[in-house]
Amino acid sequence: MSGSTPSPSEIARLQVSLRRLLGSPGLTVNPPPRAGMSVELAVNGEVIGTIHRDDDEGEVSYAINMVLLEEDLPAEK
């Protein structure tokens with residue numbers, strides 16, 4: 001099992017697929033800001049998580065790690 005950074009083509013395809021799947025045209029998949037960092041997932045310019053690529057014996061998959069801060073949740077009723 002090994003992880004690697006998605007190629008620019010994969011990043012574009014991930015963005016199209018995730019926008020369609022999640023119904024969010026404001027979603028963007030951004031290349032790593034620096035070498036060795038993860039691909040970023042953002043909504044309307046705000047980074048909400050990272051996307052990791054895994055290649056296990058030729059089977060490629062992508063895992064999303066999304067972070068939601070409690071302070072960003074709506075107030076309790």
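Colleague: Is N44 buried or exposed here?

Modeller: In this predicted model, N44 is exposed, with a relative accessible area of 70%, and N44 sits in the loop between β3 (39–43) and β4.

Colleague: And what is phi of N44?

Modeller: Phi of N44 is near 50°, which is a positive value in a residue other than glycine. As background, most residues other than glycine have a negative phi.

Colleague: Which loop holds E57, and what is its phi?

Modeller: E57 lies in the loop between β4 and β5, and although E57 is not a glycine, its phi is positive at about 55°. With a relative accessibility of 81%, E57 counts as exposed.

Colleague: Let's step back to the whole chain. What is the pattern along the sequence?

Modeller: Read along the sequence, the protein chain follows β-α-β-β-β-β, and its secondary structure comes to 1 helix and 5 strands. The C-alpha trace of the protein chain spans about 50 × 25 × 25 Å along its principal axes.

Colleague: How many residues are in the protein chain, and what share is buried?

Modeller: The protein chain has 77 residues, and buried residues make up 22% of them.

Colleague: Where is confidence lowest, and where is it highest?

Modeller: The lowest confidence in the protein chain falls in strand β1 (residues 2–4), with a mean of 67, while the highest falls in strand β2 (residues 27–30), at 97. For the protein chain, the mean pLDDT is 91, and 96% of its residues reach 70 or more.

Colleague: Switching to charges, how many salt bridges does the structure hold?

Modeller: The structure holds 1 salt bridge, in which the side chains of R53 and E10 meet at 2.7 Å, N to O. Since R53 lies in strand β4 (residues 46–56) and E10 in helix α1 (residues 8–22), the pair ties together parts that are 43 residues apart in sequence.

Colleague: Are R53 and E10 buried or exposed?

Modeller: R53 is buried, with a relative accessible area of 15%, and E10 is buried as well, with a relative accessible area of 11%.

Colleague: What about I51, which strand is it in, and is it buried or exposed?

Modeller: I51 is found in strand β4, and at 3% relative accessibility I51 counts as buried. The C-alpha atoms of I51 and V29 are separated by 8.3 Å, with the two residues 22 apart along the chain.

Colleague: Now the surface. Which residues gather in the patch of negative charge?

Modeller: The patch of negative charge on the surface gathers E46, E70, E71, D72 and E76. One of these residues, E70, lies in the segment after β5 (59–66), and at 62% relative accessibility E70 counts as exposed.

Colleague: And which residues form the nonpolar patch?

Modeller: I64, M66 and L68 form a nonpolar patch on the surface, and together they have about 310 Å² of accessible area.

Colleague: Where is M66 found, and how accessible is it?

Modeller: M66 is found in strand β5, and at 46% relative accessibility M66 counts as partly exposed. That label applies because exposed means over 50% relative accessible area and buried under 20%, with partly exposed in between.

Key:
Residues are numbered from 1 along each chain as its sequence is written. This is a predicted model: local features need pLDDT of at least 70, side-chain atom pairs count only at pLDDT 80 or more; totals for chains, interfaces and linings use all residues. Side-chain values use heavy atoms; hydrogens and water are left out. Patches are made of residues with over 30% relative accessible area and no salt bridge: like charges are joined within 9 Å, nonpolar side chains (Val, Leu, Ile, Met, Phe, Trp, Tyr) within 5 Å. Accessible areas come from the Shrake-Rupley method with a 1.4 Å probe; for residues, only the protein chains shown count as cover. A salt bridge is a side-chain nitrogen of Lys or Arg within 4 Å of a carboxyl oxygen of Asp or Glu. Lys and Arg count as positive and Asp and Glu as negative; His and the chain ends are not counted. The place of a charge is taken as NZ of Lys, CZ of Arg, CG of Asp or CD of Glu. Helices (H or I, at least four residues) and strands (E, at least two) are DSSP runs, numbered from the N terminus. Buried means under 20% relative accessible area, exposed over 50%, partly exposed in between (1.4 Å probe, protein chains only). pLDDT is the predictor's confidence in each residue, from 0 to 100.
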